[in-house]
Amino acid sequence: MRELGSFIRQKREALLKEDRSYSQLQVSQRIGIEQSYLSKLERGVVTQLSEEKIVALAEDLGEDPDYLLALGGKVSDDVLTIIRQRPLLFSRLVRDMKHMPKDVIEADHDFKQRQSRMERLYDSASIGYFHLEDGPGNSAWSSLTPKILHLPPDAVPGLKAIKNALAPESRAQFSALERDSRLKLAPYHCELRLNTDEDSPRYVRIWGEYDALSDNHVVRLGLIQDITREVEAREELRQAHQALNGTVEKQNRQVAQGIEELKQEIAARKRLEGELRAVNERIARQKDLQREYLRQNAYELRSQINALVTERRNRQDEALSCTISGISAIINNMNDFFNIGEGLSPLVEDFDPKAVFEGIVSDVSRAHAAADVVLQATFSPRLPGRVIGDPQRMQQITHSISSFLLRVTPWGVIQLALDYLPDQRLLSLVISSQAATVDITEDCFHPGKGASAWQISTVGPIVKALRGSMVIDRTPSNGSHDTCQTTYCYPSATSMSATLRTTAWYRRFPA
């Protein structure tokens, strides 16, 4: 037992350097003995250790059980059975070993130990190996090899057993690889199907090579692995790839169909655009014809009205002259309205702004006389006697706004104030109403925006043509109003105030 204890101590201490679980306490607990008993065993104290404990200790230390049993002076039960059955043969073998060199015995033990470790490594990796020789009883394989091949655990290792485990088509493939590899002494590998009764097929992969020990003695070496799950995964991947290709092809067809439909839709839209363009061109031509027609007729009508105004003034019929003057302003607005798209060009001439303004106010008052509404005009002391500008457009602006306010003001005073801003060379017109019944905004003074006040829709473009601007101010009404305010009432009697200022470019006539 001293030799056994010394070997166990050396082995355990070597393992303890890399793994702290090989202390005396933990090793003794794993094999089921007291720590003190293991300590006595390692010190060489004569003790008794059962075969079961020696085998457990060998497995824990990674050693061959027979070797530790021999060091402990014990023999395993299967060896004892052989000794009892053939004692003479066993004693002869032992005597022969007595004359063997010690290094041979130790080398054989080291080989068996490494072989045992290799078998455990293959088992943990789920890979079997085989070592097949032509001679009887010389072949061997790991414990996993028959399990992978679906053979009984006690199946005799051999090339025939491997071939019988394969399906017929795989058996022929393996035999052809074997022959070619044996002739060339080259390695090979293949994937084969097993011959099983299971519903789902099983597959193995075999790597192998030949080693010619002599002309008539060949050794087959190889590894074997179960790849059923790998083959199934490849098949699933293939099916998924096929399904994906089908989906991609379907989507490509749909995309191609969508592109074709889009092309057809684009072509249809182009045809429609061409038709619409032709319609727009016809409308534009018709609009040009209408504009030209209205322009020519407005010109003729204006000429006749001017002649009539001159004749009536000679007769001193002022009421009719005011009405005709209003008609002339409306015709001028119509003419400007149809020329807005082409741009309005102001006229340039010198005139007396006060006289023109008074005439406009007088004409508007007489044409739209109302008992409850008074139109008042005021003039700034700064207003010059002569200015250079567009009197016709001034008449149109004043006439349009004041006429509109007269229509929407049921009572009160509409005030018009004319001023001149010398530093800016601008005439400033401020018009206010105290009781307008509509909401006046800047949109009212532009075509297409003020639907409820279309009568004044040309004012904005005219002011812009005169390089002027418009401002509308709103403040809550408290009963007192500045001279520059337009007050209008809502039906709810809520009073609001707003100021409309119109400024346009006018240059003072030099003295």
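**Entry 1: contacts and totals**

I began with contacts, meaning heavy atoms within 4.5 Å. Among contacts in the protein between residues at least 6 apart in sequence, I found that 62% join residues at least 24 apart. I note for my own use that this is a predicted model, where local features need pLDDT of at least 70, side-chain atom pairs count only at pLDDT 80 or more, and totals for chains, interfaces and linings use all residues. Residues are numbered from 1 along each chain as its sequence is written, and side-chain values use heavy atoms, with hydrogens and water left out.

Next I looked up the secondary structure, and the protein has 16 helices and 14 strands. Both are DSSP runs numbered from the N terminus, with helices being H or I of at least four residues and strands being E of at least two.

The protein has 511 residues, and buried ones make up 35% of them. Here buried means under 20% relative accessible area, exposed means over 50%, and partly exposed lies in between, with a 1.4 Å probe and protein chains only. The accessible surface comes to about 31,100 Å², and carbon and sulfur atoms hold 53% of that. These areas come from the Shrake-Rupley method with a 1.4 Å probe, and for residues only the protein chains shown count as cover.

**Entry 2**

Two packed helices are described by the angle between their axes and the distance between the axes. I took both for the helices below, with axes as lines fitted to C-alpha atoms over the stretch in contact, and angles from 0 to 180 degrees between N-to-C directions.

How do the axes of α1 and α4 cross? Helix α1 (residues 2-16) and helix α4 (residues 51-61) have axes that come within 11 Å and cross at roughly 30°. The two are therefore roughly parallel to each other; angles under 35 degrees get that label, over 145 counts as roughly antiparallel, 65 to 115 as roughly perpendicular and the rest as oblique. I also noted that α1 passes α4 in a left-handed crossing, the term for a near helix turned anticlockwise from the far one by less than a right angle, with clockwise being right-handed. On the α1 side the contact is made by Leu4, Ile8, Lys11, Arg12 and Leu15, and on the α4 side by Ile54, Leu57 and Leu61. By class that contact has six nonpolar, no polar and two charged residues. For the classes, Ala, Val, Leu, Ile, Met, Phe, Trp, Tyr, Cys and Pro count as nonpolar, Asp, Glu, Lys and Arg as charged, and the others, Gly among them, as polar.

I then turned to α1 and helix α3 (residues 35-43), whose axes come within 6 Å and cross at roughly 110°. That makes α1 roughly perpendicular to α3. Arg2, Gly5, Ser6, Ile8, Arg9 and Arg12 of α1 make this contact with Leu38, Leu41, Glu42 and Arg43 of α3. I got three nonpolar, two polar and five charged residues for the contact of α1 with α3.

I checked Glu3 while I was in helix α1. Glu3 is exposed, with a relative accessible area of 55%. Its C-alpha is 7.3 Å from that of Gly44, though Glu3 and Gly44 are 41 residues apart in sequence.

**Entry 3: α2 against α3**

Helix α2 (residues 24-31) and α3 have axes that come within 8 Å and cross at roughly 110°, so α2 and α3 are roughly perpendicular to each other. Gln24, Leu25, Val27 and Ser28 of α2 meet Gln35, Leu38, Ser39 and Glu42 of α3. By class I have three nonpolar, four polar and one charged residues here.

**Entry 4: single residues**

Most residues other than glycine have a negative phi, and most peptide bonds are trans. Leu185 has a positive phi of about 50° although it is not a glycine. I found Leu185 in the loop between α11 (168-184) and β3 (188-193), partly exposed at 46% relative accessible area. Arg425 has a positive phi of about 55° and is not a glycine either. Arg425 sits in the loop between β9 (412-421) and β10 (426-433), and is partly exposed at 45%.

Is Ala329 buried or exposed? Ala329 counts as buried, at 0% relative accessibility. I placed Ala329 in helix α13 (residues 318-338). Leaving aside neighbours within four places in sequence, Ala329 is in contact with Gln396 and His399.
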